[in-house]
Amino acid sequence: MFGGLVTAPSNSPHLRKSGSRPVVFDLATGEVENGVEEDFSLSMETNDLKSASTPMSTAAMMPSPILLWRFKVLLFFVWGFSCCKIGWDSVMRMSVDLRDLFLYEAFLYYNPLLLVTMMVWLWGINLWVFSQANVSYAKIFDLDQNHLTHREIWKCATWMTIIVPTSMTAYLYLYSHGEVPLAASQPVLLYCAVVMILIFPFDIFYLSSRYYLLRTLWRIVLPLQAISFSDFFVADILTSMAKVFSDLERSVCRMVHRQVATIAWFEADSVCGSHSLAIPFVLVLPYLFRFFQCLRQYKDTGEKTTLLNALKYSTAVPVIFLSALKYHVFPDRWTNFYRPLWLISGILNSLYSFYWDVTRDWDWSSFTRIFKFSKPHIFSHLLYGRKWVYFWVMGSNLVLRWAWTYKLSAHLRHNYLTVFAVAALEIFRRFQWVFFRVENEWNKMNSKTNIQLSEKDLTEEEEKLLVSNEHNV
């Protein structure tokens with residue numbers, strides 16, 4: 001019974017690998033058995049050591065995430081310092097007479113993309129807060145499962161932050177060193193690259209998100225269909241970027257007419273100058289888009305509040321065109337007649353817009369939830385339920401609405417740094433506005449869902465009562 005041959009199961013994972021021959025043991029010969037067991041255990045230990053040492057050696061070769069992050073931050077600061085140093089030295093090489101005019105033109109080309117970069121960074125912060133507060137922005141904007149998260153938005157913003165100032169630094173350096181043709185090519189190449197990335201048809205660079213953005217912009221320009229929340233939300237953001245579109249028009253105009261880095265800076269009355277009639281028409285476009293969206297909403301829903309909203313956007317039109325008239329009428333006529341009308345229009349537009357923000361877009365009764373995070377967080381502790389937050393939002397919104405009138409007025413846009421600061425403040429105001437506008441929409445969606453669920457429960461209870469009455473009869 002104990003001296004026969006015993007064959008191990010061929011499918012045993014401990015004794016055999018796939019494709020090897022079966023191992024036969026003679027229990028009467030203990031030396032062979034012990035030798036086989038020792039050889040097998042030795043080979044198993046060797047394989048275990050190899051498999052265990054491979055990931056350990058790989059992990060030892062890889063730097064820690066914290067160290068890698070610190071290295072990236074260090075490179076970013078070195079890059080920023082280098083750009084500032086090269087840009088400052090390049091500007092200081094120019095004569096005092098040309099310095100301000102040259103910086104004015106440089107800001108004309110690059111401040112639109114700098115402001116867009118700022119908007120992307122702030123939009124990433126908006127999405128981060130929504131994710132922490134369990135606000136389903138994907139459901140609100142009807143996004144698919146491949147939508148960008150706040151991390152991916154910040155990654156895009158990081159690359160924009162690197163590329164745009166680098167191009168601007170190259171422009172300053174090349175022009176100050178006499179390489180005018182190469183300097184003039186820098187903004188042209190940058191704008192072409194932005195357009196190519198947006199319309200690139202292949203599945204890279206977040207194709208679905210780019211397609212979503214372009215489709216939304218198309219629906220804004222031609223509101224031939226029912227207006228969705230994302231349509232008028234993006235259109236509202238575009239009204240805060242009216243200055244961006246105005247500068248883009250002037251930049252592209254100079255590129256088309258080959259006026260980049262030329263003496264045409266001095267000609268304010270030229271086709272691409274600061275007195276061009278195209279400026280007020282481009283400034284007013286976002287407000288006209290939003291105006292026609294409101295009319296479309298009234299056609300679809302019949303709600304009279306949409307007409308009042310359309311009236312709000314129409315009040316921006318006289319502010320823009322009355323300001324532009326300064327360069328096309330006699331000075332006395334402007335001072336005695338058009339300037340008072342411009343002031344009245346600016347006051348009306350600011351107050352009307354402020355009232356609509358607080359009472360309609362935000363719904364004051366809903367200031368309860370947005371900064372309450374699902375997990376404990378310092379920002380939630382500082383902001384959630386604090387009255388100062390709402391007073392700050394209301395006060396800053398009113399002040400920045402007044403400042404926005406400055407940006408819309410062509411006759412006040414002489415200091416490019418002041419205009420850039422005002423445009424950046426308007427983007428910050430819109431960043432604050434987004435929190436409460438999205439929260440208001442989320443609360444409306446939840447209330448509709450709760451009403452539908454309660455109606456469904458009532459219907460089920462009524463059916464149960466009817467069934468029980470039938471049984472009783």
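Modeller: Buried, in what follows, means under 20% relative accessible area, exposed means over 50%, and partly exposed covers the range in between; the model to which these words are applied is a predicted one.

Biologist: How do you know that Phe431 is buried?

Modeller: The relative accessible area of Phe431 is 10%, and since buried means under 20%, Phe431 is therefore counted as buried. Phe435, at 6% relative accessibility, also falls under that cut-off and so counts as buried.

Biologist: What makes the pair of Phe431 and Phe435 edge-to-face?

Modeller: Two values decide the matter, namely the 5.1 Å between the ring centres and the 70 degrees between the planes. Rings pair if their centres lie within 6.5 Å, and planes over 60 degrees apart count as edge-to-face, so the rings of Phe431 and Phe435 meet both conditions. Both residues belong to helix α16 (residues 416-472), and because they are four residues apart there, about one helical turn separates them.

Biologist: Why is the pair of Trp123 and Phe141 called edge-to-face?

Modeller: A search of the whole structure finds 24 aromatic pairs. In the pair of Trp123 and Phe141 the centres are 6.0 Å apart and the planes make 80 degrees; with the limits at 6.5 Å and 60 degrees, the name edge-to-face therefore applies. This pair links distant parts of the chain, with Trp123 in helix α3 (residues 96-132) and Phe141, 18 residues apart from it, in the loop between α4 (137-140) and α5 (150-176).

Biologist: Why does Gln186 count as buried?

Modeller: Gln186, which is placed in helix α6, has 18% relative accessibility, and because that value is under 20%, Gln186 counts as buried. Its side chain reaches the backbone oxygen of Leu182 at 3.3 Å, and, leaving aside neighbours within four places in sequence, Gln186 is in contact with Tyr110, Ser167, Ala170, Tyr171 and Leu174.

Biologist: What makes Leu198 partly exposed?

Modeller: Leu198, also found in helix α6, has 33% relative accessibility, a value between the 20% and 50% limits, so Leu198 counts as partly exposed. Leu198 is one of the residues that make a nonpolar surface patch of about 540 Å², whose largest share, five residues, comes from α6.

Conventions:
Residues are numbered from 1 along each chain as its sequence is written. Side-chain values use heavy atoms; hydrogens and water are left out. Patches are made of residues with over 30% relative accessible area and no salt bridge: like charges are joined within 9 Å, nonpolar side chains (Val, Leu, Ile, Met, Phe, Trp, Tyr) within 5 Å. Accessible areas come from the Shrake-Rupley method with a 1.4 Å probe; for residues, only the protein chains shown count as cover. A salt bridge is a side-chain nitrogen of Lys or Arg within 4 Å of a carboxyl oxygen of Asp or Glu. Helices (H or I, at least four residues) and strands (E, at least two) are DSSP runs, numbered from the N terminus. Buried means under 20% relative accessible area, exposed over 50%, partly exposed in between (1.4 Å probe, protein chains only). A polar contact is a pair of N or O atoms within 3.5 Å; within protein, one must be able to donate a hydrogen and the other to accept it, and residues adjacent in sequence count only if both atoms are side-chain atoms. Contact means heavy atoms within 4.5 Å. Rings of Phe, Tyr and Trp (its six-membered ring) pair if their centres lie within 6.5 Å; planes under 30 degrees apart count as stacked, over 60 as edge-to-face and the rest as tilted.
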